[in-house]
Structure formats: structure tokens, C-alpha cells
Amino acid sequence: MTRPGRLEPAVVETWLAGHASWRQEGSALVKSFRFCDFKEALAFTVELGMVAEKRDHHPDVTVGWGKALVCWTTHDAGGITRLDLELAEATDAIASARTHDRA
């Protein structure tokens, strides 16, 4: 599978402007998510992992009680690629669905 190339900084900045709470840290997209407890944070992480596995692109995730920190980057491209943007959007959709399921 051919991996996408690193995006120009202006493309990433434009994307960030339209995606609240995501930020760039070094060569990664980063966002913190809050959940009601550890079980929900872990379930979110597992669901995200299944999506990542299907796309053969995996985030760095830190999980704690009621929280998860997700970092997307394409190491072999040396930064953020279109794949990272797509999977960051998928991450938001997973988190949103989990929040709506609780309501």
C-alpha cells in the first residue's frame, strides 16, 4: 500500500481552523477526549483501534480514568498526511456517537 505524503503546513492549518479542539504538536494532530468513566474511555479506544486497524494506520493513544488523548501522525512521511486528517475526523465521529449513546 502506498502511503500518502506529508501535507503542506497551510493545508494542516486550514484543516485545524475547521476542527475545534484538534491542535498540532510537532508533527502530530492531537486531541483530548472526556468520558464519564474509565470503561467509556477504554471502549472508545477499542473502537478507534478497530477503525485504525482496518486502515492500517494507528494512533498513539493515552487512556486514563474518563479521558483519552489521541495523536495522529504518519511516521514514515515525517508528519501529517491526508490519512491523519481522515482518521482524526473518524475519531471525532466515534467520540460523538459514544456521547450520544450515553444521553
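This is a predicted model: local features need pLDDT of at least 70, side-chain atom pairs count only at pLDDT 80 or more; totals for chains, interfaces and linings use all residues.
Aromatic rings come first. A pair of rings is described by the distance of the centres and the angle of the planes. The model holds 4 aromatic pairs. In one of them, the ring centres of Trp22 and Phe33 lie 6.1 Å apart. Their planes stand at 75 degrees, so this pair is edge-to-face. The two residues come from distant parts of the chain, 11 residues apart. Trp22 sits in the loop between helix H1 (9-17) and strand S1 (23-25). Phe33 belongs to strand S2 (residues 28-34). Trp22 has 6% relative accessibility and counts as buried. Phe33 is also buried, with a relative accessible area of 6%.

Phe35 and Phe44 make another aromatic pair. Their centres are 4.9 Å apart, and 35 degrees separate the planes. This pair is tilted. Phe35 is buried at 9% relative accessibility. Phe44 is buried too, with a relative accessible area of 0%. Ring pairs connect Trp15, Trp22, Phe33, Phe35 and Phe44 into a cluster.

Trp15 of this cluster is also one of the buried residues of H1. Viewed down the axis of H1, the buried residues fall within an arc of 100 degrees, so they line one face of the helix. An α-helix has 3.6 residues a turn, so residues three or four places apart point the same way. The face of H1 turned away from the buried side carries exposed residues: Glu13, Thr14 and Ala17.

Helix H2 (residues 38-55) includes Thr45. Thr45 counts as buried, at 17% relative accessibility. Leaving aside residues up to four places away in sequence, Thr45 touches Val61, Val63 and Ala68. H2 and S3 are the elements that give two or more residues to the patch. H2 gives the most, with 4 residues. Leu42 is partly exposed, at 38% relative accessibility.

Charged side chains were examined next. Side chains of opposite charge can pair when their charged atoms come close. The model contains 5 salt bridges. One of them joins Glu25 to Arg23, with the closest N and O atoms 2.8 Å apart. Glu25 is partly exposed, with a relative accessible area of 42%. Arg23 is partly exposed as well, at 34% relative accessibility.

Asp92 and Lys31 form another salt bridge, at 2.7 Å from N to O. This pair links distant parts of the chain, 61 residues apart. Asp92 lies in helix H3 (residues 82-102), and Lys31 lies in strand S2. Both Asp92 and Lys31 are buried.

A salt bridge also connects Arg55 with Glu86, the closest N and O atoms being 2.7 Å apart. Again distant parts of the chain are linked: Arg55 in H2 and Glu86 in H3, 31 residues apart. Arg55 is partly exposed, at 35% relative accessibility. Glu86 is partly exposed, at 33%. Salt bridges that share partners join Glu40, Glu47 and Arg98 into one network.

The backbone was considered last. Most residues other than glycine have a negative phi. Ser21 has a positive phi, near 80 degrees. Ser21 lies in the loop between H1 and S1. At 54% relative accessibility, Ser21 is exposed. Asp56 also has a positive phi, near 55 degrees. Asp56 occupies the loop between H2 and strand S3 (60-64). Asp56 is partly exposed, with a relative accessible area of 44%.

Conventions. Residues are numbered from 1 along each chain as its sequence is written. Side-chain values use heavy atoms; hydrogens and water are left out. Rings of Phe, Tyr and Trp (its six-membered ring) pair if their centres lie within 6.5 Å; planes under 30 degrees apart count as stacked, over 60 as edge-to-face and the rest as tilted. Buried means under 20% relative accessible area, exposed over 50%, partly exposed in between (1.4 Å probe, protein chains only). Contact means heavy atoms within 4.5 Å. The arc is that of the directions from the helix axis to the C-beta atoms. A salt bridge is a side-chain nitrogen of Lys or Arg within 4 Å of a carboxyl oxygen of Asp or Glu.
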